[in-house]
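Here is a short briefing on one structure. Look over the sequence and the fold first, then read the points below.

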Amino acid sequence: MCGACAKRDKITIVGFDKFYAKNDKTNMKPIQTKQEHHALFRAAILAINGAMPSAVYGIADVFTSAGILWGEVGVDDLAHISIVTASDKPVRGLGGVPLMPNRSFAEVREHIDMLFIPPIFGSVEAMLQDHSGIQAITACIEAGVQVCTVCAGAFWAAETGLFDGRRATTHWNLIRLFRERYPLVKVDPTAMLIDGGDYICAGGVTAYLDLCLHILAKRISSDFSARCARMLLVDGERRTQAPYMAYEEQTTHDDAVVARVQDYVRTRLNQPIDVNALAEAAEVGLRTLERRFRTVLGMTPKRYLIEKRLDAAKLLLSATQLDIGQVALHVGYDDAASFSRLFKKNVEVTPGEYRKRFAR
C-alpha cells in the first residue's frame with residue numbers, strides 16, 4: 001500500500017529528498033539528490049520560534065496526501081513545498097521541538113506562489129519584537145506572493161500592513177489583542193477562513209486543514225478537495241469558529257460599577273434579568289452603564305448578558321442530559337424556541353447540533 005502510494009506521489013517536499021551533512025550543532029547543509037519537476041504551485045512554510053510543529057509539517061502532509069490522489073490524473077507534480085526560516089537557521093517550535101529549514105529563504109523567495117505562516121504559541125507581543133520574520137513576509141508580499149496565515153500567524157502578516165482596511169481573522173481567543181494592536185483591520189472573529197485574494201487567513205490552530213482544502217478547491221477543483229478531505233478523514237471546509245468560541249471574561253479591571261454588574265449576573269444567570277435590572281443593581285443610569293461597559297469590556301451590557309448566558313448554555317449542553325427547554329430555563333430564558341433562535345444566530349449551529357458535536 002505505502003509503496004504503491006509512493007509511486008503515484010506527485011508532490012515534492014523540497015529538501016525531504018536530500019541528505020543532510022552535519023557541519024555543526026546549528027547548521028545543516030542540504031545535498032541535492034533529485035531533479036525537481038514542474039509543479040502546479042510552489043509554496044514555502046515559514047517556521048518561526050514557537051510555531052506548532054504538527055501544523056508546520058501538517059501543511060506539507062496535506063499536500064503530500066493530495067499529491068497521491070493527483071498522481072492518478074495529473075501530469076505535472078501537484079506542488080513543491082519548502083520549509084524555511086528567516087535566518088536560514090533552525091528555530092525552536094512549540095515544546096522546544098527543532099524546526100529545520102530545508103531551503104534558504106533567498107533561494108525560494110523568487111519562485112514561490114504562496115507563503116504559509118503557521119500557528120504560533122507563546123507571548124505574541126514579545127515574539128513580534130523579532131522583526132526577521134516580518135521582514136521575510138514583507139519581501140514575499142513585495143514579490144507578489146500570496147500570504148496564507150493560520151491562527152496567531154495572522155499577527156506577523158498584520159505587522160506588514162497587509163490587512164489594513166481589509167477583513168482578517170485569527171484564533172477567536174486572540175481577537176481582543178488583535179483588535180487592540182491593529183485598529184485599521186476589519187476583524188471577523190467568527191470566520192474560519194477569509195480569502196482576500198493576495199492573502200488567506202485561517203482561524204485557530206487546526207484551521208490549517210481548512211486552509212489547505214480551500215487552496216486545493218481553488219487551485220484544482222471542489223471535487224478534488226472533497227476527495228482529499230475524505231482520504232484524510234476530516235470534514236470539508238468549516239465555515240465558522242463560532243461553535244468553538246468561549247467567552248473570556250475580563251475581570252482584571254478597576255471599574256467598580258462594571259465589577260458589581262459582573263458579580264450580579266454571575267449569581268443570577270437562571271433569572272430573567274434585563275439591562276434595566278443591571279443598571280438598578282449598579283445604581284447608575286442606563287447610558288452611564290452602557291458607556292462604562294463599552295470602555296471596559298468593549299461591549300454593551302446586553303451583549304455581555306447574552307455572552308454569559310450562551311457560555312453557560314454551551315456547558316450544560318455538552319456536560320448534562322438536560323433537554324433544550326431545561327437548558328433555556330437554567331440560563332434565564334423561559335421560551336425554548338426563542339432561546340434556540342438566539343443560540344443559532346450567535347453560535348451558528350442549533351443547540352441540538354452543538355450537543356451532538358461537543359457532548360462528553
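Which residues point one way from E9, and which the other way? Gln146, Cys148 and Val150 point one way, while Val147 and Thr149 point the other way. Both sets are buried. The model is predicted.

**Strand E9 and its partners**

- Strand E9 spans residues 146-150 and is mostly covered, with five of its five residues buried.
- Strand E8 (residues 114-117) runs parallel to E9, and four bridges join the two.
- Ile117 has Thr149 as its bridge partner in E9.
- Strand E13 (residues 199-202) also pairs with E9 in the parallel sense, over four bridges.
- Cys148 has Ile200 as its bridge partner in E13.

**The largest pocket**

- The largest pocket has a volume of about 930 Å³.
- It is lined by 27 residues, and the closest to its centre are Ile175, Arg176, Arg179, Tyr247 and Met299.
- Four helices each supply at least two lining residues: H7 (175-181), H12 (286-297), H13 (301-319) and H15 (336-347).
- By class, the lining has 14 nonpolar, five polar and eight charged residues.

**Salt bridges**

- The structure holds 14 salt bridges.
- Side chains of opposite charge can pair when their charged atoms come close.
- Arg238 forms a salt bridge with Asp210, with the closest N and O atoms 2.5 Å apart.
- Arg238 lies in the loop between helix H9 (222-232) and helix H10 (256-266), and Asp210 lies in helix H8 (residues 207-219), so this pair ties together parts that are 28 residues apart in sequence.
- Arg238 is partly exposed at 22% relative accessible area, whereas Asp210 is buried at 2%.
- Arg266 forms a salt bridge with Asp263, and the closest N and O atoms are 2.5 Å apart.
- Arg266 and Asp263 are three residues apart in helix H10, so about one helical turn separates them.
- Arg266 is partly exposed at 38% relative accessibility, and Asp263 is partly exposed at 44%.
- Arg266 and Asp263 also belong to a network of salt bridges that links them with Glu249 and Lys308.
- In helix H12, Glu290 and Arg294 are four residues apart, so they too are separated by about one helical turn.
- The side chains of Glu290 and Arg294 meet in a salt bridge at 3.4 Å, N to O.
- Glu290 is partly exposed at 33% relative accessibility, and Arg294 is partly exposed at 48%.

Methods
Residues are numbered from 1 along each chain as its sequence is written. This is a predicted model: local features need pLDDT of at least 70, side-chain atom pairs count only at pLDDT 80 or more; totals for chains, interfaces and linings use all residues. Side-chain values use heavy atoms; hydrogens and water are left out. Buried means under 20% relative accessible area, exposed over 50%, partly exposed in between (1.4 Å probe, protein chains only). Two strands pair if DSSP finds at least two bridges between them. On a 1 Å grid over the protein atoms alone, a cavity is a set of points where a 1.4 Å probe fits but cannot get out, and a pocket is an open set with protein on both sides within 12 Å along at least five of seven lines; lining residues have an atom within 4 Å of a point. Grid points are joined across faces, edges and corners, and a volume is the space filled by probe spheres set on the points. Ala, Val, Leu, Ile, Met, Phe, Trp, Tyr, Cys and Pro count as nonpolar, Asp, Glu, Lys and Arg as charged, and the others, Gly among them, as polar. A salt bridge is a side-chain nitrogen of Lys or Arg within 4 Å of a carboxyl oxygen of Asp or Glu.
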